[in-house]
Each structure stands twice: as C-alpha cells, then as structure tokens.
Amino acid sequence: MVRTPAGMRWAVPAAVAALSVAGLTACSGGDSDSAVPGSGGGKQDDLVAAAPVAGDPPAGSTMEKIRKRGQLIVGGSLDAPLLSQQNPSTKKVEGLDADFGRLLAKYIIGKPNVKIVNSASETREALLSNGTVDVVLQTYSITPERAKQVAFAGPYYSSGLVIATKKDKTGITAPADLKGKTVIAGANTPAIPAIKKLAPGAKIVTFGSDPECVQALKQGRGDAYVQDEAVLLATAKQDPAIKIQGKPLTSDPYGIGLKHGDAQMKQFVNDWLKKIQASGLWAKVWKNSVGTVVQGEAPKPPAIGSAPGSQ
C-alpha cells in the first residue's frame with residue numbers, strides 16, 4: 001500500500017537512504033541470521049534453511065544478472081513493524097516483507113543476500129524502471145493504474161485499509177463517521193482515493209511516513225488516520241494511545257513490483273511464490289511476523305494472478 005507497515009516510510013531522504021543501504025547490506029542477508037527477538041519464537045535462519053533454490057537461470061535473464069551479482073536489491077522499508085523494520089539491538093531487518101525478500105534471494109542466488117534500498121511510495125516505479133532495484137517488497141498494492149508502469153508478481157498477501165483514532169476518541173467506526181472530520185493519510189497512498197470515495201465530506205491531510213501520520217494523530221492534527229491494517233496492527237499493539245476502529249474498509253492485494261515488461265522475471269517470481277505456498281513456508285513466514293499479533297492460523301494466501309493488474 002505504501003510503504004506501509006505501507007506500509008509505510010514514504011519520504012526518507014535520499015542521503016539517509018544511501019547510508020541505510022550501506023549498513024544493511026550485510027545484516028539483511030546471509031546465512032548468519034539468528035533468532036529475532038519478538039518474532040514469535042521463529043528463527044530467520046530456520047526459514048532460510050527450508051527455502052528452495054532454483055536451477056540455473058536462463059542466459060541473459062534478470063535472474064542470471066542477480067545471481068552473478070550475488071545480491072538481490074530490494075526496494076523496501078526499515079521502519080515498518082511486522083513487515084520490514086530494522087531491529088535497533090540486532091540491526092537485522094525483520095518482518096513479512098523482509099523475510100520474503102530473503103527467501104526470494106535464496107531462490108535466485110542460493111543465499112539470502114539482500115540489500116534494502118529505502119524507497120518512498122512516489123519513487124518505487126522510478127527505482128524499478130531505472131534498474132536501481134530488482135524488486136519492490138513494500139506493501140505495494142496492486143492496481144491497474146500502477147500496472148501500467150510496473151509488473152506485479154503475486155499477489156503474495158492481502159490486507160485492507162482501516163480507521164485508527166486516539167484510544168479515547170468515540171463516534172468514529174465507519175466511513176460515514178468521517179464526514180466533516182479531518183482525516184490523516186500517507187502521501188501518495190491508496191488511502192487517499194479510498195477516503196475520497198467512501199467519505200467525500202472528509203478533509204484529508206497527508207504526511208510523508210507512517211510514523212509522521214501516527215504522531216500527527218496523537219497530536220490532534222486529525223480526527224482519524226486511515227492506513228493499511230497490517231501497519232496499524234503493529235502500531236496499536238505497541239502504542240496504547242492508538243485504537244483501530246471497526247472493520248477493514250477495503251481489500252488490498254500486495255504484489256512484488258518488477259520492471260515493466262519483464263515477463264520472464266514475473267513468471268519466475270510467481271513460480272517461487274507457488275512453491276513456498278505449497279510447501280507451507282508462506283504460512284511460517286506469516287506466523288513469524290503478522291501472526292505474532294494476530295490470533296489463529298495463517299490465512300490462505302491469495303491466488304497468484306487474482307488481482308486486476310497482476311495477470
């Protein structure tokens with residue numbers, strides 16, 4: 001969706017991103033990944049050990065280029081709880097998207113070597129088209145409009161927009177309750193058109209990242225915050241001042257962003273997704289991340305190609 005947990009870290013300055021990338025090259029990949037505190041008891045190295053490895057990629061393909069380089073370059077986030085967040089004590093990047101990035105890297109290269117390029121929601125298409133990143137794994141909601149600029153493998157996960165308010169706020173549980181209210185949204189995220197459609201009487205104010213939006217909500221600069229559920233689950237879990245209200249307003253399929261027109265790479269990534277779904281590894285990744293704050297069994301993964309824009 002944004003990125004997000006959308007999700008989620010949209011306006012990180014380029015200079016900071018470059019420094020972050022340099023520091024993450026080693027810690028976000030490699031066989032030395034160890035147990036992650038707060039990850040539900042799972043181990044990143046256990047996930048990697050169970051992950052498949054592809055055969056030799058076709059000559060001249062994107063996959064061959066990545067294998068020769070020895071590193072998968074991922075457009076992603078460092079501050080998305082449950083999805084892709086750098087642990088301040090271990091310096092490892094943890095979460096659903098981060099783990100999927102490692103597993104995809106192992107599938108292509110044989111090792112989970114990943115470099116994360118901190119990307120903003122408004123720059124993801126450019127990063128793919130100019131070859132700065134190989135893939136985007138960043139709660140990237142699949143839409144027909146975006147599919148005109150990038151290719152999408154998947155969907156690999158499905159979430160939805162929800163409303164969050166300060167815990168003591170009452171009277172806002174559904175889109176109709178947002179009429180006449182000031183609603184916070186992340187810049188250039190699907191929350192903006194969704195609010196305009198579902199609550200046309202609301203005033204929208206935007207901020208560049210999920211932390212900024214949460215801070216604005218707590219400061220009273222808006223009555224509510226509309227964001228991806230996967231992002232806000234973690235926020236509400238960690239911050240007792242925030243409460244999720246009502247049920248999801250939308251259903252948003254996440255795709256793995258790829259360079260537009262690279263049908264070979266798209267098929268390759270889709271084949272990998274099918275393998276990890278069938279083997280149960282997908283469910284283990286979910287349980288190790290989102291499943292640490294959501295009760296019950298892992299959901300059924302969305303069908304590959306089921307979202308408009310992913311075919």
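I take helices (H or I, at least four residues) and strands (E, at least two) as DSSP runs, numbered from the N terminus. Axes are lines fitted to C-alpha atoms, for helices over the stretch in contact, and angles run from 0 to 180 degrees between N-to-C directions.

The model is predicted: local features need pLDDT of at least 70, side-chain atom pairs count only at pLDDT 80 or more, and totals for chains, interfaces and linings use all residues. Residues are numbered from 1 along each chain as its sequence is written, and side-chain values use heavy atoms, with hydrogens and water left out.

**Entry: H3 and H9**

I looked up how helix H3 (residues 62-69) packs on helix H9 (residues 263-279). Their axes are 8 Å apart, at an angle of about 70 degrees. H3 and H9 are therefore roughly perpendicular to each other; that label covers 65 to 115 degrees, while under 35 counts as roughly parallel, over 145 as roughly antiparallel and the rest as oblique.

Next I listed the residues in contact (heavy atoms within 4.5 Å). From H3, Thr62, Met63 and Ile66 meet Gln264, Met265 and Phe268 of H9.

I traced an open sheet of 5 strands, in the order E10-E9-E11-E8-E12, with mixed pairing. Two strands pair if DSSP finds at least two bridges between them. Strand E10 (203-207) and strand E12 (242-245) are the edges, each pairing on one side only. From one strand to the next the twist averages 35 degrees.

I then went through the pairings. Strand E9 (residues 182-186) runs parallel to E10, joined by 5 bridges. Thr182 has Lys203 in E10 as its bridge partner. E8 pairs with E11 in the antiparallel sense over 4 bridges, and Ala164 stands opposite Tyr225 in E11. E8 also pairs with E12, antiparallel over 4 bridges. There, Ile163 has Gln245 in E12 as its bridge partner.

Helix H6 (residues 191-198) lies across strand E8 (161-166), E9, E10 and strand E11 (224-228). H6 runs at about 150 degrees to E9. Helix H8 (residues 229-238) lies across E8, E11 and E12, at about 120 degrees to E11.
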